[in-house]
Structure formats: C-alpha cells, structure tokens
Amino acid sequence: MEREKPQDILINIILFADVSVAGETDRLEDTVNYRSISKRVQLHAETTGRFTVEALATDLANICLEEPKVQKVRVRVEKPGAVRFTRAVGVEIERERQ
C-alpha cells in the first residue's frame, strides 16, 4: 500500500573534495559539477524502486562518487512523517573513494 504513490523524502548531501584550485581561479571547470550531481540524484530518487532509505542512500552516495573530484560523501535520507510523533526518520551514511 505504501509504495502505490510517491512519498516525500528529504535528501541532504555533503561532498568532500579538494576545491582549492576553484577557490583560486573562480572557474567552474575547476570544481565539482554540483548541477550534474543534483540532477542525477533527483532522477534516481524519483525513479528507483528501492524499499529502504538505506539502499537509496547507498545508491546516491555511489552516484556522487562517480564525480572524479569527489573524494568522500555524506548522504542523509529522511522520510517526513513516517513515524507518528516524529518530524522525520531516516539514515545518514558516509562513503569514500577507495
């Protein structure tokens, strides 16, 4: 029943990357492509058939780590109102490039 209609989720992503060159040059090509990552994350979140926020968070972390400049990522996925008397429940994971 729960999967018959789309549910709201909150996604928070923190990327860890060496952005010192971009800080000096102020050139977009010297930094992480945040727009590309956010579009891929959004598309995946809207179209995947994952049953758990843990699996979704893992997928999203892997998407972020496909960006060459990203060395580490922290992903939090929450479902607002999933449990009575709570604002949201969810999971936060951290993954890094091997």
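A residue counts as buried when its relative accessible area is under 20%, as exposed when that area is over 50%, and as partly exposed in between. Lys72, at 22% relative accessibility, is therefore partly exposed. The model is predicted, and the values below were computed from it.

**Salt bridges**

Side chains of opposite charge can pair when their charged atoms come close. Over the whole structure, a search returns eight salt bridges.

| Pair | N to O distance |
|---|---|
| Glu66 and Arg40 | 2.3 Å |
| Glu94 and Lys72 | 3.4 Å |
| Arg76 and Glu78 | 3.9 Å |

In the pair of Glu66 and Arg40, the closest N and O atoms are 2.3 Å apart.

Glu94 and Lys72 form a salt bridge at 3.4 Å, N to O. Here too the partners come from distant parts of the chain: strand β3 (residues 88-96) holds Glu94 and strand β2 holds Lys72, 22 residues apart. Glu94 is partly exposed because its relative accessible area is 37%.

Arg76 and Glu78 also pair through their side chains, at 3.9 Å from N to O. How accessible are these two residues, Arg76 and Glu78? Arg76 has a relative accessible area of 29% and is thus partly exposed. Glu78 is partly exposed as well, at 23% relative accessibility.

Besides these pairs, a network of salt bridges links Arg27, Glu29 and Asp30.

In soluble globular proteins, nonpolar side chains tend to be buried together. In this model, the largest nonpolar core comprises 17 residues, and Leu60, Val75 and Val77 have the most contacts inside it. At least two residues of this core come from each of α2, α3, β2 and β3. Helix α3 contributes the largest share, eight residues.

Which residues does Leu60 touch once its neighbours within four places in sequence are left aside? The contacts of Leu60 are then Ile11, Val41, His44, Val75 and Val77. Two of these partners, Val75 and Val77, are themselves named with Leu60 among the residues with the most contacts inside the core.

Terms used:
Residues numbered from 1 in each chain as written. Predicted model: local features only at pLDDT ≥ 70, side-chain atom pairs only at ≥ 80, totals over all residues. Heavy atoms only, no water. Salt bridge = Lys/Arg side-chain N within 4 Å of Asp/Glu carboxyl O. Helix = DSSP H or I, 4+ residues; strand = E, 2+ residues; numbered from the N terminus. Buried < 20%, exposed > 50% of the residue type's maximum accessible area, 1.4 Å probe, protein only. Core = buried A, V, L, I, M, F, W, Y, C linked by side-chain atoms within 4.5 Å. Contact = heavy atoms within 4.5 Å.
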